[in-house]
Amino acid sequence: MAQINIRNTGETISGFAEVSAFLDKQGVLYEHWDTNQLPSHLQDKFNLSDADKEEILSSFNGDITRLAGARGYVKWDVIALSDSTPDLDALLKKFEQVHTHTEDEVRAIAAGSGIFVIKGSDDVGYFDVVLEAGDVISVPENNPHFFTLTSERKVVAVRLFIDPSGWVAHPFADPAFS
Ligand SMILES: [Fe+2]
């Protein structure tokens, strides 16, 4: 299950109900999908063929189509990052810059783990959402954030889009970010 780390106070929030309540207050969608839907040979695989990616999407098809129907997503795909990804360090450096999008950013973690760093309300400031397999998050449109990996440096995630062609990162310069 996801865990929250609030940067300004060092406060940690864990447990499904507590994390859900915190994220709901911040306008961030949070769900947890059953990873047993994924065949065991894909639960710890990070170098994926196209067939693997298709199998991941069909494994979670029920959850994907439910969420898509509820929130208007029309396309979805699978991304994988690990030490077998060429230039992973350069890629992470690029990722780790606060930015916004004109649509929400949805990620369902199928395997591994990842962190969304999100700008919260003024009284909260930036917080980290540490996600593990099964965790699903949607960062609202125009909400400053970035994504990075945890120390295990591997993730497989399903992405859902309203308009993939419009999904562009806009840099967000924020002196309040540290
Ligand atoms: Fe983003």
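Analyst: Four helices and eleven strands make up the secondary structure of the chain. The model is predicted.

User: How do you know that the radius of gyration of the chain agrees with a compact globule?

Analyst: Set the value against the rule. The rule is 2.2 Å times the number of residues to the power 0.38. For 178 residues a compact globule would have a radius of gyration near 16 Å, and the chain has 16 Å, so the two agree. The C-alpha trace spans about 45 × 35 × 30 Å along its principal axes.

User: What share of the contacts in the chain with a separation of 6 or more joins residues 24 or more positions apart?

Analyst: Such pairs account for 73% of those contacts. As for burial, 29% of the 178 residues count as buried.

User: Why is glutamate 105 called buried?

Analyst: The cut-off for buried is 20 or more other C-beta atoms within 10 Å. Glutamate 105 has 23 C-beta neighbours inside 10 Å, so it counts as buried. Its place is in strand 6, residues 105-119. Not counting residues up to four places away in sequence, glutamate 105 touches Ser138 and Val139.

User: What makes histidine 145 buried?

Analyst: Again the cut-off is 20 or more. Histidine 145 has 21 C-beta neighbours inside 10 Å and therefore counts as buried. Strand 9, residues 145-148, holds histidine 145. Leaving aside neighbours within four places in sequence, the contacts of histidine 145 include Val98, Phe116 and Lys119. Val139 is also one of them, and Val139 touches glutamate 105 as well.

User: Why is histidine 99 called partly exposed?

Analyst: Buried needs 20 or more C-beta neighbours, exposed needs 12 or fewer, and partly exposed lies in between. Histidine 99 has 16 inside 10 Å, so it counts as partly exposed. Histidine 99 lies in strand 5, residues 99-100.

User: Which residues is histidine 99 in contact with, leaving aside its neighbours within four places in sequence?

Analyst: Pro144 and Phe146 are among them. The contact cut-off is 7 Å between C-beta atoms.

Note on methods
Residues numbered from 1 in each chain as written. Predicted model: local features only at pLDDT ≥ 70, side-chain atom pairs only at ≥ 80, totals over all residues. Helix = DSSP H or I, 4+ residues; strand = E, 2+ residues; numbered from the N terminus. Contact = placed C-beta atoms within 7 Å.
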